Amino acid sequence: MKLEPRSEKGLLTPDNCVITLIDHQPQMLFGVTNIDRQTLINNVVGFSKAARIFDVPLILTTVETKSFSGNLWPQLKAVYPNQTPIERSSMNSWDDEKFVAAVKKTGRKKIVLAGLWTEVCVAFPSIQAIHDGYEVYVVEDLCGDLDERAHNAAMRRAEQAGAKPVTWIQVMLEWQRDWAKRDTYDAVMDVVKHHGGAYGMGVEYAYTMVHGAPATVYPGWEVPSELVHN
């Protein structure tokens, strides 16, 4: 489906950026304390769904999967089941030729970047990508670090190098831009209702109580059959 064009003028559009999600793996999540871990998972999955809605190129990369970090989060893998993450040994993705080649292949000069941990896997490639002529937007609520001080220091370092801090809902709405663009409206609202917290609840309330729409039906859940006692 060809999306209706969005004006640029310094803003992100589905046509001018590439997303890189770096090392969203179990072992990396264990050490995160600056953001609630379940919230972090929710944010990453919501943003990944938004990327698919707007057909924005998304690159997944992992580090030392077998020896230390574990597999890509299954919740994220479920959104991109057919994509194999780029496996690295380097802490810095920008030191990995396969990763840089994947970014260059998209032909896009704006990188929307997030990862674990902020002080290494986000700061290092952000600084070097900017040095190589890219614009970098760090999705701060998709990043995590050992503590708040480490995360904040890393964000300041990336910003001083020229990176622009953003949040996942901000980027999704920057892609949407106009509620009259019906090609993506319903799908965006679905992401909001599932992953947008109180914002999502507000949308659900407006749909059902104000506009009389049927209530959203979420997938059901049942006790696994082996646990059911007759």
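**Notebook: salt bridges, backbone and packing**

I began with Lys98, which forms a salt bridge with Asp96, the closest N and O atoms being 3.4 Å apart. I took a salt bridge to be a side-chain nitrogen of Lys or Arg within 4 Å of a carboxyl oxygen of Asp or Glu. The model is a predicted one, in which local features need pLDDT of at least 70 and side-chain atom pairs count only at pLDDT 80 or more, while totals for chains, interfaces and linings use all residues. Residues are numbered from 1 along each chain as its sequence is written, and side-chain values use heavy atoms, with hydrogens and water left out.

**Entry 1. Salt bridges**

I noted that side chains of opposite charge can pair when their charged atoms come close. By the rule above, I have a count of six salt bridges. For burial I used relative accessible area: buried is under 20%, exposed is over 50%, and partly exposed is in between, with a 1.4 Å probe and protein chains only. Within the opening pair, Asp96 is buried at 10%, whereas Lys98 is partly exposed at 47%.

I next looked up Lys110 and Glu135, whose side chains meet in a salt bridge at 3.0 Å, N to O. This pair links distant parts of the chain, as Lys110 is in strand β4 and Glu135 in strand β5 (residues 135-139), 25 residues apart. Helices and strands here are DSSP runs numbered from the N terminus (helices: H or I, at least four residues; strands: E, at least two). Lys110 is buried, with a relative accessible area of 7%, and Glu135 is partly exposed at 30%. I also recorded a network of salt bridges that links Lys110, Glu135 and Lys164.

A further salt bridge joins the side chains of Lys193 and Glu204 (3.8 Å, N to O). Lys193 belongs to helix α9 and Glu204 to helix α10, so the pair ties together parts eleven residues apart in sequence. I found both Lys193 and Glu204 to be buried.

**Entry 2. Helices α2 and α9**

Two packed helices are described by the angle between their axes and the distance between the axes. I read that the axes of α2 (residues 37-53) and α9 come within 10 Å and cross at roughly 175 degrees. This makes α2 roughly antiparallel to α9. On the α2 side the contact is made by Asn42, Val45, Gly46, Lys49, Ala50 and Ile53, and on the α9 side by Thr184, Ala187, Val188, Val191, His194 and His195. Contact here means heavy atoms within 4.5 Å. The axes are lines fitted to C-alpha atoms, for helices over the stretch in contact, with angles from 0 to 180 degrees between N-to-C directions. Angles under 35 degrees count as roughly parallel, over 145 as roughly antiparallel, 65 to 115 as roughly perpendicular and the rest as oblique.

**Entry 3. Lys181**

I located Lys181 in the loop between α8 (168-176) and α9 (182-195). Lys181 is buried, with a relative accessible area of 12%. Leaving out residues up to four places away in sequence, Lys181 touches Glu4, Pro5, Arg6 and Gln176. I also noted that Lys181 and Leu3 are 178 residues apart in sequence and 8.7 Å apart in space, C-alpha to C-alpha.

**Entry 4. Backbone geometry**

I checked the peptide bond from Leu116 to Trp117 and found it cis, with omega near 0 degrees. Trp117 is in the loop between β4 (110-115) and α6 (118-131).

I recorded a positive phi of about 50 degrees for Lys9, which is not a glycine. Lys9 lies in the segment before β1 (17-22) and is exposed, at 83% relative accessible area. Asp23, also other than glycine, has a positive phi near 60 degrees. Asp23 sits in the loop between β1 and α1 (26-30) and is buried, at 0%.

**Entry 5. Nonpolar surface patch**

I noted that Trp221, Val223, Leu227 and Val228 make a nonpolar surface patch of about 460 Å². Trp221 is in the segment after α10 (197-210) and, at 71% relative accessibility, counts as exposed.

How values were computed:
Patch = residues over 30% accessible without salt bridge, like charges linked within 9 Å, V, L, I, M, F, W, Y side chains within 5 Å. Areas by Shrake-Rupley, 256 points an atom, 1.4 Å probe, with all protein chains shown as cover.
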